[in-house]
Amino acid sequence: MANVLINGLKERISNALSINQSIGILIPGNTYSDLTQAIFERFISKPEEAWVYVTVTKPYETLAKQYEFINECINVKFIDCISRVSGLSKPYNNVTFIESPTMLEKLSLEIMNNFKQVGECTKKFLVIDSLTNFIIYNDPEIITEFFYQIINRTRARDIHTISIAIEEKDIENYLNRLIYLHDKILKIKDSFI
Amino acid sequence: MTEIELQNNEICVTGIEELDIMLGGGIPTGSTVLVVGSSGSGKTTLCMQYLINGAHRGERGVYFTITEPLFKFTKNMEGFNFYDKNLIESGMVNLIDLRIISERLGLNTEKYTVEDASALLDILRDIADELNVKRLIIDSITALCYRLQTPEMIRDFIFKLGSSLAAMKCTTLLTSEVPPRKFQYSQYGIEEFISDGILFLGDIERKGDLIRTFQIIKMRGAAHSRTKSAMSISTDNGVELTPLLKSRE
């Protein structure tokens, strides 16, 4: 069943990205791992693409333990906003660490700096994992402002953005406001996609 | 020379991309600019990056420090990717410890008299002339003035310094130390009056974390931005600026 879900997610993401600049994915918490796996498998299957993966949900160390293959992916750079505030300090070559998820301007600079190193003709993708966790560490208003800035900057540089929002009752309104800034919204249900 | 070349000639490009955009191209050549900030705000890094970027453009520079020994200064700078030892060795960037100059002049390095300050100014001007520098840094004007004994001496020294700098054809950055979280430009309240420009390095607190900020307060002769930016300092890229998110809790 998990494979069906992951393959279904991969297909939907791929289709959405082929015609949209940015996509927002709204998922229930229990589907989160399947979604990240679907995205990570895309890294491997498309080595010609350049990806920047921003994690606020899980430290890179945890992701690398869970999906060992991501250490070998040379077409993806991680920006980890959560390790330092969690007291983790192990360095990795393919990871830029941001001291705190509140340092949004620094994050914005690092995202764009990572893409500066990528050739003009290479397809570029940014993943934000996740809007929900950004809101835990920041006020929703500043996340909205940050997100507007990122969407505008990435659009101007022809970078596709994928934002993950994990459903959370208390911040539903904010998440909806952010998710609707994308060109396409994918809502994943518990039972099936 | 075309009009564009003439215009470019009159602008001193800092080489810090976002800063040049904010300045409308760069600092008007020959300006004296106060770089204001509290301890650890990034004044020295910004100044050194400006000097190194200038040297890469063929503009010789000199860095006068009075705040820390040169071995410590260079050790700190070596961590930055922009730091280029070859530029120091080739004499395109000159690092000079003013305390050593003072000692050689037989001055008391802790307290200056009017004559001492005047002699030091002459030496400073001679070095700049001899090396034919286009970019000059004094780090810091606060520490220099601290060695003068009365407010009158400080006032007199600062105005003399202003006249000397105006006579030199180089673009000068003077660092000015201020207490943290205070919106003041200088320790003695006079430094800003001899300056053509003021760059203010500060910080804001967000959820307990400090975000570095940068703002151009004034820059004579330039249609500059007045917005507050966030400033980042990294070993990879040195000083970088990006728009500050304005929403506050």
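This is a predicted model: local features need pLDDT of at least 70, side-chain atom pairs count only at pLDDT 80 or more; totals for chains, interfaces and linings use all residues.
Helices (H or I, at least four residues) and strands (E, at least two) are DSSP runs, numbered from the N terminus.

Residues are numbered from 1 along each chain as its sequence is written, chains are lettered from A in the order in which they are written, and side-chain values use heavy atoms, leaving out hydrogens and water.

**Spaces**

On a 1 Å grid over the protein atoms alone, a cavity is a set of points where a 1.4 Å probe fits but cannot get out, and a pocket is an open set with protein on both sides within 12 Å along at least five of seven lines; lining residues have an atom within 4 Å of a point. A volume is the space filled by probe spheres set on the points, which are joined across faces, edges and corners.

The largest pocket has 50 lining residues, and A:Glu99, A:Lys106, B:Ser232, B:Ile233 and B:Ser234 lie nearest its centre. Elements giving two or more residues to this lining include strand S4 (95–97) of chain A and strand S10 (229–234) of chain B. Helix H4 of chain A provides the largest share, seven residues.

There are also three cavities of 30 Å³ or more. Among the residues lining the largest cavity are B:Val114, B:Leu121, B:Phe157 and B:Lys160. Helix H7 (114–131) and helix H9 (151–167) of chain B each give two or more residues to that lining.

In the table, Ala, Val, Leu, Ile, Met, Phe, Trp, Tyr, Cys and Pro count as nonpolar, Asp, Glu, Lys and Arg as charged, and the others, Gly among them, as polar.

| Space | Volume | Lining residues by class |
|---|---|---|
| Largest pocket | about 1,000 Å³ | 20 nonpolar, 17 polar, 13 charged |
| Largest cavity | about 60 Å³ | six nonpolar, one polar, two charged |

**Where the chains meet**

The contact (heavy atoms within 4.5 Å) takes 20 residues from chain B and 19 residues from chain A. Two salt bridges cross the interface, a salt bridge being a side-chain nitrogen of Lys or Arg within 4 Å of a carboxyl oxygen of Asp or Glu. B:Arg206 makes a salt bridge with A:Glu105, with the closest N and O atoms 2.8 Å apart. On the side of chain B that touches chain A, the elements giving two or more residues are S9, S10 and strand S11 (238–243) of chain B. By class, that side of chain B has eight nonpolar, five polar and seven charged residues.
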